Amino acid sequence: MTAKSLTLLWPYIVVAATSVIVMLVISVRRNHAAVFLLTLSGLAVATALLFLPYLSAPAMVTKLVLIDRYALFYTGLIFAATFIVAALSYPYLELRDGDHEEFYVLLLIAALGASVLTASVHFASLFLGLETLTVSLYALTAYLRSSDRSIEAGVKYLILAAVSSAFILFGMALVYAELGTMEFAAIAERAAGAEVHGLPLTAGFAMIIIGLGFKLAVVPFHMWTPDVYEGAPAPVTAFVATVSKGAVFALVLRLFSIIDVHGRGAEFLIFTVIAVASMFTGNLLALLQNNVKRILAYSSISHLGYLLVAFLASGSLAAAAVAFYLTAYFVTTLGAFGVVTVLSTKERDADSMDDYRGLARQRPWVAGIFTAMLFSLAGIPLTAGFVGKFYVVAAGVDSGLWLLVVILIINSAIGLFYYLRIIIALYTNPKEGGQPTPVPKLSRTGGAVLASLSLLLLWLGVYPGPLIDLIKKTMQNF
Amino acid sequence: MILIWIIIIPLIGGLLAWTLGRGNSVRARWISLLFLAGDAVLAVYLWSRHAGRAGLINGPWLVDMKLPWIPQLGASFHLAMDGLSLVLVGLTIFLGILSVLCSWTEIRDRAGFFHFNLLWTLSGILGVFMALDLFLFYFFWELMLVPMYFLISIWGHENREYASYKFFIFTQAGGLLMLLSILGLYFIHERDTGVYTFDYTLLLGASMSPAAAFWLMLGFFVAFAVKLPAIPIHTWLPDAHTEAPTAGSVILAGLLLKTGAYGLLRFVLPLFPDASATMAPAAMVIAVTGIIYGAVLAFGQNDLKRLVAYTSVSHMGFVLLGIFAGNLISLSGAVMQMVAHGVSTGALFILVGMIQERIHTRDMDRMGGLWSLVPRLSAAGLVFALASLGLPGFGNFVGEFLVLSGSYRAGIPATALAAVGLVLAAIYSLRIVQRVFHGQAKAGTTLADLSTRETGMMAIMIVVILWLGMFPQLLLKTAEPALNAIPCCVAAEQPAPVKGGRK
């Protein structure tokens, strides 16, 4: 550990320090607004500082983390998403009773854990990052202590995430026992060198895949998703859907491209089955839901399936496709849950279909933004989701994964059905005789966040060139 | 730049109609009309400058412009216009203006948003007719769906939700298959030349194995056949046409169906000449089935709007037949039929809309005897019923005649069966006249006849359809250079065409 490697870690240190400072501030005096602003500025500074290591990347810092442009890109994405989640949380928490300040401490710690995952090249940093992220998420999910559903979701998440962590640990132990190393690169080398792959090694990888599959919420490890999405406070749901999954996906992509999943039949087959099952299960079950948060939960399962198609397509185009798709998915998902957040009242989150019926008349802008987000999820032009889906399909076609691509397309058509269902509800009139649900006042922060997300969505959808350039630069060594 | 403006003007008009027209529907209507008129001026200007001339710049293109868009992917903002595009752009703007006019009193709820959607759909369609970059084409192709979906799902009739779902999912699924083919072509071309590009003019020369070409062609074909619509993927059409508001039906029948035919002419035949030749017999069977099936089902309908919708299936069968018969005469006929069908069916939908506005039903059992009540409306109805049955003097006759005489060369049985479709067309068209306009009056005693606006609309449409029938040469000449550039035409004009031969 030298002074140079310390400069590489500045962004991470700033986020960690911000969480400590916030904690200290809370112990002196509780002030929601001050804590909120402190959090935002900490994240902004950390994001700005990402340019510092960008120039000297790639560089190893100890054996645990590799600060390369890949890691910095995803770290930036995570910090930006956390910034948005924090901005959405402020008006949401203001409406509710109880202490709000600790929320931001947890959020910062979770972001730190997630960003460590993107840079991890060692089992130890993988596990530390993952647990830092997950433990904060238990508390965040159950943050609204007066709500039964929130607590239920928290407990459910705790139990399942703990089980999946156990799987990962066991898997790591098996791999270590076989190969005697915990560094990704060395694992790849020794696994390739070994003439016969013993059962323990394959079992070890399989258990790691299972554990990570839980975090990604891909089928068949998706059971917790709808309940947690439904029960968690809306901003936390946004965080789980984007930061938590995005970070783990970045890790999976790095881990399995170092280990070369394409050269390993068994692992490739496992991922293919998972991708197909996630696409179909996510979309088909979403058709049966009436709760908007649950629909979005199942939709996110299917989106992870789409991402896996890009992941399975090898090559630099695939890495770029994943990066673009994840960015588009972050913007879209944050926007969609942002709408859910700003429509939530003091008593409950806006998750029933009735909350959205006729919204276009009462809140034309919010309805318009939600429509744009849903179209983006469905991959319709003018939105970021379109270019993302295009990229994923391109990566699949380039690698000749025709079966997966055709399944993806069938699923896009199925998916349209439930996105359109919500959109139609937005524009129909409230039921005969029924009063339109009163809509809470739009806060200034909420409005600003939604407006900027939708501008970003359109910009990425119409003029994606700059982002593609950035991604190409960051993925070139990958 | 003029091509970009043709697309942008409706976009701006739509935004203005929405923002300024909130709560003031008359303003929204005038804004839309004004901007479409501006577009029309541009189109007429292009026509007067270029019509009938072969391409001056490169190949058949009259106007050609290319801006960088996403160079990282090889996608550019490449628009170009040849005679075929020009004709269809003209049709788009013409029907666009009429659809604003025909919703003047029909749409009262959220008129600003309605016109926004209307103009954005038109803009997407205009883009489809001019895009020469496959990425851009796909972009516009999808883009025109969304506002159309809103037109059906918000302002449609009783069963609008179901119809709009079905419309959107069918076309979107077809579109995604086309996306696969576009990407397949993109990567095949890249492997050959090392250049990533979506540019049509560059992809034209891509060489590939016959099997690959066939599959890629099939992806495009399915997407366009859904739009066209061809049997058996036409089932979205009767629902969507019936449930859409009048303007929506006009645009659907008059323009969206044409994008499918245009795609076949612009992409399927030139990009995959051999594979299209392989496909031709099957496509012609599909076409003839569609002609007869559509006509028979049209005869069985009681809902007037649904009847007109099924006649579209029948008429568009002629277009498909003409395209895959693959000689200059049949292709000219297909283009003529596209335009004539756009005008005549558009007019029929507008008439159905007018009738529905007056007697609040589309059920033919509750009509009858309208001639004595609304003579002007009924006269217009008679004219377009006759146009639809292919009476000489109307544009439809020219189109169908050219298609049949062209397809006679390609296959006599198919031509004979298609000609049966003409007889059936006469039956269902005359049935409309009899059941709606003749007989005992059932719908009250007094109804308002056509207003000045409505009379004007009908007069213009009658003039246009007659002009197409009497003086088809101008339109045919405009489209001819573009059609001549299509490989199958070139092959057919040679004295001894080598089967499936390619340079």
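1. Basis of the values. In this predicted model, local features need pLDDT of at least 70 and side-chain atom pairs count only at pLDDT 80 or more, while totals for chains, interfaces and linings use all residues. Residues are numbered from 1 along each chain as its sequence is written, chains are lettered from A and ligands numbered from 1 in the order in which they are written, and side-chain values use heavy atoms, with hydrogens and water left out.

2. Extent of the interface. Chain A brings 40 residues and chain B 34 residues to the contact, where contact means heavy atoms within 4.5 Å. The two chains bury about 3400 Å² between them, 77% of it from carbon and sulfur atoms; buried area is the accessible area (1.4 Å probe) that two parts lose on being put together, summed over both. On the chain B side, B:Gln72, B:Tyr165 and B:Leu180 supply 19% of the area buried against chain A, more than any other three residues.

3. A:Arg361 and B:Asp109 are joined by a salt bridge of 3.1 Å, N to O. Helix 7 (160-193) of chain B is among the elements on the side that touches chain A, and helix 7 gives the most to that side, with 14 residues. Helices (H or I, at least four residues) and strands (E, at least two) are DSSP runs, numbered from the N terminus.

4. Second largest pocket. This pocket holds about 1200 Å³ of space, and of its 40 lining residues the closest to the centre are A:Gly368, A:Tyr427, B:Trp18, B:Phe113 and B:Phe116. Helix 17 of chain A provides the largest share of the lining, 8 residues. On a 1 Å grid over the protein atoms alone, a pocket is an open set of points with protein on both sides within 12 Å along at least five of seven lines, whereas a cavity is a set where a 1.4 Å probe fits but cannot get out; lining residues have an atom within 4 Å of a point. Grid points are joined across faces, edges and corners, and a volume is the space filled by probe spheres set on the points.

5. A link within chain A. Over all chains the structure holds 31 salt bridges. In one of them, A:Lys63 pairs with A:Glu183, with the closest N and O atoms 3.8 Å apart. A:Lys63 lies in the loop between strand 1 (59-61) and strand 2 (65-67) and A:Glu183 in the loop between helix 8 (148-179) and helix 9 (184-193), so the pair ties together parts of chain A that are 120 residues apart in sequence.

6. Backbone features to inspect. Most residues other than glycine have a negative phi, and most peptide bonds are trans. A:Thr62, in the loop between strand 1 and strand 2 of chain A, has a positive phi near 50 degrees. In chain B, the peptide bond from B:Leu228 to B:Pro229 is cis, with omega near -5 degrees, and a cis bond also joins B:Ile231 and B:Pro232, with omega about 0 degrees. B:Pro229 is in the loop between helix 9 (210-227) and helix 10 (236-243) of chain B, and B:Pro232 is likewise found in the loop between helix 9 and helix 10.

How values were computed:
A salt bridge is a side-chain nitrogen of Lys or Arg within 4 Å of a carboxyl oxygen of Asp or Glu.
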